Each structure stands twice: as structure tokens, then as C-alpha cells.
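These are my notebook entries on one structure. I list what I looked up, entry by entry.

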Amino acid sequence: MNLRLSLGFHSFLFPRGGHLTCMKANISCASMIPKVSEASGMGMVDSCYSAIDNSTSEFSNVYDRNTVEISFELYNDDICTFCREGDVDDAMNVLSEMEALGYRPNSVTYSCLVTALASHGRTCEAEAIFQEMLQNGFKPRRRLCNLLLRSFLRKGLLGLAYQLLLAMDDFSLKKNRETYEILLDYYVSAGRLEDTWSVIAMMKREGFQLNSFVCSKVIGLYRDNGMWKKALATVREMGEIGVLPDKQIYNSIIDTLGKCGELGEALEVFGKMQQEGINPDITTWNSLIRWHCKHGELSNALELFAKMQQQGLYPDVKIFVTIISRLGDQGKWDVIKKNFENLKCWGHQRSGAIYAVLVDIYGQYGRFQDAEECINALRSEGVQLSANLFCVLANAYAQQGLCEQTVKVLKLMEAEGIEPNLIMLNVLINAFAIAQRHLEALSVYQHIKESGVSPDVVTFTTLMKAFIRSKKFDKVPLIYKEMESVGCTPDRKARELLQTALMVIENPQI
């Protein structure tokens, strides 16, 4: 069944010549509703039409519904207006009716629909409309292709992204800097080393200079592979070609040094960044706090956390998870309570609500061991529910081995109309890994593949961890080989997990 036909109508429908026509009128809803006294003795439909007929003065700028058919142009205008206003369902309703009458949208209307659907995360529908656009002989613009490409890669739909790139070649749409940067952003985050270098090589061939965005991605690639010295060398090369470090570059360097345990150098770069008049943002503070926690420097991490709040920055929920988990491991609940009070003193009430919930999940009070109560509590505090927040909450439950609650967060996320992304599915694999339920972790991985989403290096390393925890060491090398076969470059963690599994396989007595 056509997905568009299953959607409910939200606009006014007028009978015209035996079919339904959708019109937009610049009138208030109140004027359309008849009073009870006026509706007595009339059916609901008759009373509504009576109200419409009595509002002729407000219809002075609208075509007479009994004498004029809505034209092809008006249908297109209506769809584009709905798209601009964010009323995607209404736009799709009008499209269904338009096509039922034998009309086809023009290229501008198709572009509006694809843009609106992609912007609302309705990627599959956007792709279907895009294909319909091509079948009707319209050539897409490069800007539309870039938008759709970003949408595909955000969902990990690498196959659709590849087909789109082929379509751009067929239409002689030359890739611009934005196209390459979209690809680069995805390949680096997915740990696809060879693909990343391939994109950089193509950019050089096309004459695109390596700007701060590209350089920051290269630095991130070195970071993920534990090569911090090469990352610093890249910074020196930037200076030689005249690219001055900006906030994005500094953030990449700090994160690289922090991950490799070079905390002193990370703080030096942090100081240099501020000396040059570049103010650190939430990403900068996140990196410093996270890596200080990871490397056991909790006192420095808390000091940075306090300084961040003094700067008036809104704490990120990921910082909460890092701090709570580390302090909780050491039983320092008094320190956690003190930081929670500081949050309220700084006026971060919503952050305080998230912080309190996460503390509870990590086992201090036990009130929010049920995910639904947790979500309802956050909603009552006015906290905006986002994909990122759901992922953080799911991860908190996963870290405690609460698989059922992790799955429940996933269902609640879907109920809110937020489509689970690869990050969320990776969290679910991790939950089953911690609980030593490798078969469930494997089933999530199979779901990722069947849904057309391309797994990243985190997916594979988490799956390897699941099999190691379940003492299924012989399966780990197979997962490692599959990771390489799909183009994901194993990072240091993946190589360490493989070595652990191989050692046990060769020496079962370990």
C-alpha cells in the first residue's frame, strides 16, 4: 500500500465535481465552527457547510468552490507552502490527492517534499519521492542531493548514499566541497580509514584546499588510531599551507591528546587556545573532563566541571554520565551530591533534573529503575526529550546491566516519534554485552544489517566484547574479519580485544 495514502487528512476537504479537493483558506478556525443554536436540526456536515457559506466575506480572496477547479499550479503552491511551514503530513495528503487526479508535481515541488521529509528524519519517504522525481524526468539540483546524502549517512544507509552518488554522476552533477565534507564526516566517524583517505585524495585532485574542517577530521582519524604525534604533525602542516587553527582544530587536538593520555599537553593546548582569543565551547570542556575521568584524574575533572559552569555553559548530559560513573565506582556519593547542589546554585535546573535521574539509575536511590517513570519525571521538569538524551539514558541502564530497561528506553524513544539511530542500537548491543547475553547482542547486529544501516567500528568492538564476556572467544576473530570486510578500520580497542581472544584460544588455561 502507498505510504502516503495511509496518512490522515488534516486540511479542509471540499466536494467538487465528484472528487475531493484540498484548499487552504486564510480564515480562523473559530469562524468555521457553528454555534449550537445554529446547528440544531441539522446534521454535522450540513452545519459545517452552513458555517462556511455564512463566511463569504472571509472567502473573498479564495476561488469559489462550486465553480472553479483547483489547478495544477495551485496544487504545487499548496504543497510547497505546507513544506515551508513544516506540515509534512498535509503536504503528503495534497500530493496523494493531486496524483489521484492525474497531476504530477513539478521539480520545485518535488524538491520541497524531499527537503521537508529529510529534515523531519523521514528518510525512506524522502528517498521514495526522490526516485519518483527522477522517474518523471526531472534533474535534481546539487544542493538537494547533498541534503539527501547527509540524511542517508546520518542513518547509516550507505547503500542508498552510494546509489545517490552514482545518480549525481549520471546527471553530470559535479561534487562540491560540501559533498566531500559530508562523506568525510561519515567515514571518519565510522572508522573507515581507506575511504577517508580516498575522499581526501579526490578533494586534492579536484583542487579543493584542505581547510580547518578537513584537517580536524584528519586529526580525528589519527586520534581514533592512537597516533597523536601524527595529529600534531598535521597541525604543523596546516601552518605551512596557511590554515590557522580555529576552535574546531583546537577541539580535535585536545581530544586527541586526551584520549592518548597526554593530559598535560592537552591542558597546554587549552591554555594556548584561550591566549589566542578563542573561547572554549561545550565540546572543549567535554573532552577535557571526559579524558581526565578516564585516566583517573577525578579531582582535576571536577575542577574543570566547576570552571565550565562559571563560564555559564550548560552542562552536557554525557558529562554527567562520565562523572557519576567514575565517582560511583569509588563510592563517592557525597561528592556527587555536592556537584548536584552546585548545579542548582548555578541555575541549571533542567540539567539538575537529568543529573538526579542519572544518579538514581546508577544505584544511589532506586526510584528510577523503571525507564518509563524516568522519562515521565524528566518530561514533568520540562526537559526536552531528544535522540541524544534517550541514548544517554539507555547507556546508563546498559552500564548497570539492566537490559530490559535499556530495551524499554528504545521503545519509549520510538513512541516519541524519534527513530532509533546507530548510536542507540550500539548502546543496546552494549547492554546485552554487559549482561553476558551474546545471542541478543548478535540479534541486534543482524537487525542493523537487515535495516540497511552500515555498522561502524563501535558496533563491531561492542559485539566482540559481548562474545568475550560470554567466553565465546572463537567467534571474535570472525567478527574482526567481518569488520575489515565491510571497510571499517579496526581501532586500538578492536585490536586489543582480538589479541585477548587469540591469547585465550592459543592458551585455554589462561
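Entry 1, Lys 471. I looked up Lys 471 and found it exposed, with a relative accessible area of 63%; exposed means over 50% relative accessible area, buried under 20%, and partly exposed in between, with a 1.4 Å probe and protein chains only. Lys 471 sits in the loop between helix H26 (457-469) and H27. Helices here are DSSP runs of H or I with at least four residues, strands are runs of E with at least two, and both are numbered from the N terminus. The phi of Lys 471 is near 60 degrees, a positive value in a residue other than glycine. For reference, most residues other than glycine have a negative phi.

I note the basis of the values: the model is predicted, local features need pLDDT of at least 70, side-chain atom pairs count only at pLDDT 80 or more, and totals for chains, interfaces and linings use all residues. Residues are numbered from 1 along each chain as its sequence is written, and side-chain values use heavy atoms, with hydrogens and water left out.

I then turned to Ser 172, which has a positive phi of about 55 degrees although it is not a glycine. Ser 172 is in the loop between H9 and H10. I find Ser 172 exposed, at a relative accessible area of 63%.

I recorded 28 helices and two strands in the protein. Of its 510 residues, 49% are buried. I also looked at contacts, meaning heavy atoms within 4.5 Å. Among those between residues at least 6 apart in sequence, 63% join residues at least 24 apart.

Two packed helices are described by the angle between their axes and the distance between the axes. I take axes as lines fitted to C-alpha atoms, for helices over the stretch in contact, with angles from 0 to 180 degrees between N-to-C directions. The axes of H27 (residues 476-485) and H28 (residues 492-506) come within 9 Å and cross at roughly 150 degrees. That makes H27 roughly antiparallel to H28; the cut-offs are over 145 degrees for roughly antiparallel, under 35 for roughly parallel, 65 to 115 for roughly perpendicular, and oblique for the rest. The crossing of H27 and H28 is left-handed, meaning that the near helix is turned anticlockwise from the far one by less than a right angle. From H27, Val 476, Pro 477, Tyr 480 and Met 483 take part, and they meet Ala 494, Arg 495, Leu 497, Leu 498, Ala 501, Leu 502 and Ile 505 of H28. By class, the contact of H27 with H28 has 10 nonpolar, no polar and one charged residues. I count Ala, Val, Leu, Ile, Met, Phe, Trp, Tyr, Cys and Pro as nonpolar, Asp, Glu, Lys and Arg as charged, and the others, Gly among them, as polar.

The axes of H10 (residues 177-189) and H12 (residues 212-224) come within 10 Å and cross at roughly 15 degrees. That makes H10 roughly parallel to H12. H10 passes H12 in a left-handed crossing. On the H10 side I list Arg 177, Glu 181, Leu 184, Asp 185 and Val 188, which meet Phe 213, Val 214, Lys 217, Gly 220, Leu 221 and Asp 224 in H12. The residues of this contact of H10 with H12 divide into five nonpolar, one polar and five charged.

The 13 residues of H7 (residues 123-135) should span 18 Å at 1.5 Å a residue, and the end C-alpha atoms are 18 Å apart, which agrees; the expected span is 1.5 Å times one less than the number of residues. The buried residues of H7 pack against H5 (88-100), H6 (107-119), H8 (142-154) and H9 (158-170). Just after H7, Gly 137 takes a positive phi of about 85 degrees. I placed Val 114 in helix H6, and it counts as buried at 0% relative accessibility. Not counting residues up to four places away in sequence, Val 114 touches Ala 126, Ile 129, Phe 130, Leu 144, Leu 147 and Leu 148.

I found H24 (residues 422-434) mostly covered, with 12 of its 13 residues buried. What covers the buried residues of H24 includes H22 (387-399), H23 (403-415), H25 (438-450) and H26.
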